[in-house]
Amino acid sequence: MTAVRALQASATVTLCTTHRVLRQLLHDPMSLIMTLAVPALLVVLVRFILPTQDAFQRSAPALLGLFPLVLVFTLAAISTLRERSAGVLERLMLIAPRKVDLYFGYSLAYAVIALPSTALTIWISVDWLGLRVRGPLWPLGLAALASALFGLGLGLLAGAFAGSEMQAMQYVPVLIFPQALLCGLFAPRRSMSRPLQAVSDFMPLSYAVDSLTTSARALRPDDTYVRNVAILVGSALVTVVLGALAQRRTL
């Protein structure tokens with residue numbers, strides 16, 4: 001019974017946090033517009049920048065994971081930092097059984113926002129911009145959402161360490177740019193030197209690009225796709241837990 005009550009208490013804290021964060025986001029239309037529309041607009045821009053449809057076909061699947069990741073990272077990092085700076089997060093930690101329950105609540109709220117953003121970006125890419133997907137769309141959507149969840153975890157982790165919004169944004173070139181350069185978006189990973197390939201193997205964004213690219217080309221998901229998505233989800237959970245552990249109770 002004690003374990004059941006502890007689980008119920010954790011679920012209550014998580015769901016209440018999710019409801020509160022969603023309500024705050026709904027009253028912040030600029031953040032909603034950026035998260036929902038900017039990834040889709042960036043994909044449209046890329047289509048008009050690239051010279052041919054074939055070039056867009058090669059690049060677009062990877063971008064479906066990268067753009068939502070960056071936007072969700074920014075939203076999560078800055079929102080968490082603001083609540084921490086205002087003392088809201090620390091006051092909540094005084095009544096929450098575990099810090100990680102609060103962070104799972106934040107994660108669930110931002111995941112709810114990331115879902116329509118990912119769906120809108122894929123819909124525009126396929127129906128308007130002509131991205132060809134051989135199999136069903138759900139593997140592509142699942143991989144893109146898993147990539148956004150990893151960005152969410154990174155954002156919560158960055159928000160736990162940053163002392164200002166400027167510092168939170170400075171984590172973008174530290175945590176995201178190296179992954180974007182080595183994930184296979186700009187050059188195939190197999191063409192890189194062995195040391196760079198080894199570094200790339202430890203970067204979750206590499207598995208996001210692999211899963212997105214293969215899901216656009218394959219008729220059905222295979223074991224490698226399942227492994228890549230599992231690595232992304234696991235990396236997201238690890239970063240969320242690390243962010244909760246890094247947040248100190250000071251009140």
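Of the 251 residues in the protein chain, 50% count as buried, meaning under 20% relative accessible area with a 1.4 Å probe, protein chains only. This is a predicted model, where local features need pLDDT of at least 70, side-chain atom pairs count only at pLDDT 80 or more, and totals for chains, interfaces and linings use all residues. Numbering starts from 1 along each chain as its sequence is written, and side-chain values use heavy atoms, leaving out hydrogens and water.

**Overall build**
- The protein chain has 10 helices and zero strands, where helices are DSSP runs of H or I with at least four residues and strands are E runs of at least two.
- Its radius of gyration, taken over C-alpha atoms, is 19 Å, close to the 18 Å from the globule rule (2.2 Å times the number of residues to the power 0.38), so the chain is as compact as a globular protein of that length.
- The C-alpha atoms fill a box of roughly 55 × 40 × 40 Å along the principal axes.

**Helix α10**
- Helix α10 covers residues 223-246, and its 24 residues should span 34 Å at 1.5 Å a residue, which agrees with end C-alpha atoms 34 Å apart; the expected span is 1.5 Å times one less than the number of residues.
- Buried residues of α10 include Y225, L232 and V240.
- The buried residues of α10 pack against α5 (99-128), α6 (138-161) and α9 (204-217).
- At the start of α10, a side-chain oxygen of D222 comes to within 3.3 Å of the backbone nitrogen of T224.

Key:
Contact means heavy atoms within 4.5 Å. A polar contact is a pair of N or O atoms within 3.5 Å; within protein, one must be able to donate a hydrogen and the other to accept it, and residues adjacent in sequence count only if both atoms are side-chain atoms.
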